[in-house]
Amino acid sequence: MEARDLLDPEKLKLKVKRRRKIDKIFSLFALFASLLGLLLLFAFFISLIVKGASWLSLSFLLGTPSRFPEKAGILPALVGSFWLIILTAIFSIPLGIGAAIFLEEYSKKNFIARFIQINISNLAGVPSVVYGILGLAVFVRFLALGRSIIAGSLTMSLLVLPIIIIATQEALKMVPKTIREASFSLGASQWQTVRYAVLPVAFPSILTGIILALARAIGETAPLIAIGALSYVAYVPRSPADPFTVLPVQIYTWVSRPQKEFQDLAAAAIIVLLLLFILLNALVVFLRYQSRKRVR
Amino acid sequence: MSFRLNLSTNNQEKKTKNEELSKKDKLIVSQFSFYYANKKILENISLSIKENSITSIIGPSGCGKTTFLKAINRLHDENIFARSEGAIFLDEENILSKKVDVNLLRTKIGMVFQKPNPFPGTIYHNVTFGPKLFGVKNKEELDWICESSLRKVALWNEVKNKLKTPASALSGGQQQRLCIARAIAMEPEVILMDEPCSALDPISTLKIEDLMIELKEHYTLVVVTHNMQQASRISDYVAFFYAGEDQIARLVEYDKASKIFVNPSNPLTEKYIAGRLG
């Protein structure tokens with residue numbers, strides 16, 4: 001009888017032993033999986049530093065691109081990236097958070113809301129180059145913004161909007177219903193509930209979503225090539241209406257050159273890009289910590 | 001809504017037996033039915049809740065007690081599937097009427113929930129949340145509201161030195177008293193409590209019960225509870241809700257607590273109180 005078997009102390013001991021073994025094997029596998037990522041990243045860093053570190057210098061950071069590798073610098077691309085990221089943030093954050101608040105808090109969950117929801121989810125999966133083509137047609141040509149920073153950041157905003165909306169929605173969903181009820185029961189309006197009860201709780205998660213989205217924007221190449229961000233910009237853009245290039249496009253151009261020196265320059269530029277990422281991530285950690293401390 | 005309700009004069013008003021009998025009806029529920037997605041949940045509830053008393057709503061799980069309580073605070077407004085019929089009068093005004101401003105209504109009818117649900121943020125932030133929504137900005141006034149509300153729930157002495165620390169650091173019982181203080185800060189006339197002690201330990205529960213008995217001096221309390229002992233300890237009136245085979249909840253019996261617990265007129269009530277039903 002099976003029930004008896006289960007209670008037999010000898011067999012029970014064996015079964016527990018087997019379970020422990022499986023436990024151990026799985027934890028080793030999990031450790032391997034997490035180390036693999038770390039190892040790859042580490043190897044990547046090493047190869048970059050070996051190739052690019054010797055090219056990093058003040059004149060590299062403050063120079064303009066050149067035919068001669070030893071004179072080449074990344075200042076226009078760096079400044080272009082900054083412009084792009086700031087403008088993209090200005091365009092996409094209010095719109096993204098606004099859309100998410102509408103979908104989560106205001107819309108009666110009817111057909112239209114569901115239709116919008118499905119479309120946003122789909123948009124998040126559209127290849128980035130498609131956004132580039134759209135940006136070229138709408139912003140560069142139709143709105144005649146030219147191949148300017150503003151056209152680039154509007155295109156980038158389209159790309160990151162669905163990501164911000166979805167991340168914000170997830171953050172809002174995590175806020176317990178009881179918090180909303182508490183606020184309503186005190187006579188708060190819908191807006192007051194969102195502003196004073198829900199958003200403060202959701203803020204750290206929203207922030208994470210936003211920074212991840214912006215990190216994506218800072219690293220994207222394809223849509224900007226599609227709208228025609230120039231690969232050779234010998235001057236620093238002064239206003240959003242100027243033509244521009246960004247770090248990833250600069251890297252892409254250098255990598256596609258045959259000379260070894262340009263490959264190494266690309267490595268140096270990648271190091272700068274990665275440092276930017278790390279800075280951005282550090283900013284998230286700091287802001288999250290600050291807001292958690294305030295909110296708790 | 002007056003934030004400076006003078007408590008001392010209210011205290012001096014000694015309530016005689018006579019006054020007890022002549023207490024006026026604060027809430028009158030008249031033929032109230034509630035539907036969720038066209039399914040009837042509550043049918044034809046009629047009862048009058050006396051001012052300055054504690055009315056307990058008892059009944060098995062899922063018999064619409066919480067639904068009923070939330071309806072009094074119109075918390076179903078945000079739900080498109082919810083629909084109600086009948087009327088609930090607060091001092092002769094039908095609060096279910098579309099003409100009633102729901103935000104103002106909720107300043108008159110406060111609510112305390114099953115689980116303590118303080119807002120993230122400081123104790124001070126929690127208590128002053130409501131008044132701030134209605135434009136009280138003066139710091140002295142907010143301080144006064146904070147202190148008097150916390151005093152009324154006997155929490156002031158425990159937290160007066162840590163008003164600016166997170167409310168989440170308080171114990172469950174303290175958090176629930178904070179939530180009551182938060183509701184009181186609005187100077188409501190009615191306080192609805194949905195199983196306010198179900199998440200608390202026995203000692204915190206007793207504290208909240210004592211508090212409720214003190215609070216009825218100034219407010220009208222409607223309390224949902226699953227705990228028969230609690231209902232018998234605190235209630236002046238008891239309403240027994242029960243959903244039969246058809247899953248539609250009805251009011252089986254409504255009477256003075258002394259009557260319901262000693263000599264209920266409906267056999268269902270008797271069975272439920274004795275623990276043989278639900």
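User: Which strand does B:Gln31 lie in?

Analyst: In this predicted model, B:Gln31 sits in strand β1 of chain B, which covers residues 25-36.

User: What makes the phi of B:Gln31 worth a look?

Analyst: Most residues other than glycine have a negative phi. The phi of B:Gln31 is near 45 degrees, a positive value, and the residue is not glycine.

User: Where is B:Asn38 found, and what is its phi?

Analyst: B:Asn38 belongs to the loop between β1 and β2 (39-50) of chain B. Its phi is near 65 degrees, again a positive value in a residue other than glycine.

User: Let's move to β3 of chain B. Why is this strand described as largely enclosed by the rest of the structure?

Analyst: A residue is buried when 20 or more other C-beta atoms lie within 10 Å of its own. In strand β3(B), residues 54-58, five of the five residues are buried, so the strand is largely enclosed.

User: How do you know which faces of β3(B) are covered?

Analyst: Side chains in a regular strand alternate between the two faces of the sheet. On one side of β3(B) are B:Ile54, B:Ser56 and B:Ile58, and on the other are B:Thr55 and B:Ile57. All of these are buried, and both faces are covered.

User: What makes β3(B) and β8(B) a pair?

Analyst: Pairing needs at least two bridges. Four bridges join β3(B) to strand β8(B), residues 220-224, and the two run parallel.

User: Now chain A. Which kinds of element does chain A have?

Analyst: Chain A has 12 helices and zero strands.

User: How do you know how the radius of gyration of chain A sets against that of a compact globule?

Analyst: For 296 residues, a compact globule would have a radius of gyration near 19 Å, while chain A has 25 Å. The C-alpha atoms of chain A fill a box of roughly 80 × 55 × 35 Å along the principal axes. Buried residues account for 33% of the chain A residues.

User: Which domains does chain A have, and how many Å separate their centres?

Analyst: The assignment gives domain 1 (3-55) and domain 2 (60-295). Their centres, taken over C-alpha atoms, are separated by 35 Å. The contact between them takes four residues from domain 1 and eight residues from domain 2.

User: How many residues does each chain bring to the contact between chains A and B?

Analyst: Chain A brings 17 residues and chain B brings 23 residues. Within chain A, α8 (177-185) and α9 (190-219) are the elements that give two or more residues. Of these, α8(A) gives the most, with six residues. The chain A side divides into nine nonpolar, five polar and three charged residues.

Technical notes
Residues numbered from 1 in each chain as written. Chains lettered and ligands numbered in written order. Predicted model: local features only at pLDDT ≥ 70, side-chain atom pairs only at ≥ 80, totals over all residues. Contact = placed C-beta atoms within 7 Å. Nonpolar A, V, L, I, M, F, W, Y, C, P; charged D, E, K, R; others polar. Domains from an automatic or database assignment. Rg over C-alpha atoms; globule rule 2.2 N^0.38 Å. Buried ≥ 20, exposed ≤ 12 C-beta atoms within 10 Å, placed from the backbone.
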